[in-house]
Amino acid sequence: MSQSQKVAVLGTGKIGEALLSGMIRAGWSPADVLVTTRRPERAEELRGKYGVDSVTNAEAAKAADILILAVKPQDMGALLDDLAPHVADDRLIISAAAGLPTTFFEERLPAGTPVVRVMPNTPVLVDEGMSVISPGTHATEAHLQRTEALFNPVGKTLRVAESQQDAATALSGSGPAYFYYLVEAMTDAGILLGLPRDKAHDLIVQAAIGAAVMLRDSGEHPVKLREAVMSPAGTTISAIRELENHGVRAALIAALEAARDRSRELASGQG
């Protein structure tokens with residue numbers, strides 16, 4: 001994607017700033033990146049860190065070729081009301097708001113405006129995110145490629161049909177929280193077993209990193225990797241038996257179904 005285009009990031013919280021920093025690291029000139037903020041002190045902070053200019057929503061809509069909307073879902077309607085009178089129909093709109101379908105934007109913007117929906121997750125903050133991408137009615141292959149070029153510097157991207165976005169949100173968008181929850185529980189178990197908290201934490205985090213790299217790089221099915229750890233009548237199979245006896249697998253499936261259902265509720269406007 002040509003970096004002579006201008007991009008505006010509207011909403012510079014954690015996700016918005018992560019995308020901004022990724023773009024700068026990827027070689028974007030600060031002169032080609034605009035931001036919008038609610039507070040003047042936040043604008044000064046971003047200007048000092050990245051050299052980018054802070055503008056109004058209307059100015060961003062007029063000047064930028066690509067608008068990345070990274071505000072909270074409940075604030076999106078008001079933002080679109082600000083933008084709509086100033087957005088040309090050749091602008092690419094990228095939404096990073098959970099639960100909102102592309103039709104939400106298409107109905108509020110000029111007819112024919114291309115919209116791409118993206119569900120990033122918080123590891124974008126350390127350039128290890130997963131951003132799930134779906135095209136709206138008017139988004140073309142070129143629009144998808146431009147979106148991928150913006151999100152690739154902060155992790156990986158994956159295209160899915162928009163009908164699969166709620167499932168992707170349950171798995172990937174919310175996914176890091178499940179792992180943190182598991183690490184928290186395992187750390188507590190380590191303390192119960194007699195380890196100091198810091199040592200239990202370090203052991204579990206490194207085990208998680210190593211397991212994730214093996215899953216990513218080996219190409220092996222997780223069952224095969226798990227079986228490689230287990231020996232007959234050993235410690236691991238005893239632990240796995242207890243997990244199965246307590247219904248952990250069923251609980252995880254039910255939890256992800258609940259997350260998917262909540263994403264659908266948000267999409268339908270149920271707060």
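**Figure 1. Charged groups across the predicted model**. The chain carries 26 positive and 33 negative charges. The mean position of the positive charges and that of the negative charges are 2 Å apart.

**Figure 2. The chain as a whole.** The predicted model contains 12 helices and 8 strands. Taken along the principal axes, the box filled by the C-alpha atoms is roughly 70 × 40 × 35 Å. Of the 271 residues in the chain, 38% are buried. Among contacts with a separation of 6 or more, 63% are made by residues 24 or more positions apart.

**Figure 3. The packing of helix α7 with helix α8**. Two packed helices are described by the angle between their axes and by the distance between those axes. Helix α7 comprises residues 165-173, and helix α8 comprises residues 175-192. The two helices pack at an angle of about 35°, and their axes lie 5 Å apart. On the α7 side, the residues in contact are Ala170, Leu171, Ser172 and Gly173; on the α8 side, they are Gly175, Pro176 and Tyr178. By class, this contact has 4 nonpolar and 3 polar residues, with no charged residues.

**Figure 4. Ser131 and the residues around it in strand β7**. Strand β7 spans residues 129-135 and includes Ser131. The relative accessibility of Ser131 is 1%. Ser131 is classed as buried because this value falls under the 20% cut-off. Neighbours within four places in sequence are set aside in this view.

**Figure 5. Gly11 in the loop between β1 and α1**. Gly11 lies in the loop that joins β1 (7-10) to α1 (14-25). With a relative accessible area of 15%, Gly11 is also under the 20% cut-off and therefore counts as buried. Not counting residues up to four places away in sequence, Gly11 touches Gly16, Thr36, Ala70 and Val71. How far apart are the C-alpha atoms of Gly11 and Val71, given that these residues are 60 residues apart along the chain? The separation of the two C-alpha atoms is 4.7 Å.

Key. Residues are numbered from 1 along each chain as its sequence is written. This is a predicted model: local features need pLDDT of at least 70, side-chain atom pairs count only at pLDDT 80 or more; totals for chains, interfaces and linings use all residues. Side-chain values use heavy atoms; hydrogens and water are left out. Helices (H or I, at least four residues) and strands (E, at least two) are DSSP runs, numbered from the N terminus. Buried means under 20% relative accessible area, exposed over 50%, partly exposed in between (1.4 Å probe, protein chains only). Contact means heavy atoms within 4.5 Å. Lys and Arg count as positive and Asp and Glu as negative; His and the chain ends are not counted. The place of a charge is taken as NZ of Lys, CZ of Arg, CG of Asp or CD of Glu. Axes are lines fitted to C-alpha atoms, for helices over the stretch in contact, and angles run from 0 to 180 degrees between N-to-C directions. Ala, Val, Leu, Ile, Met, Phe, Trp, Tyr, Cys and Pro count as nonpolar, Asp, Glu, Lys and Arg as charged, and the others, Gly among them, as polar.
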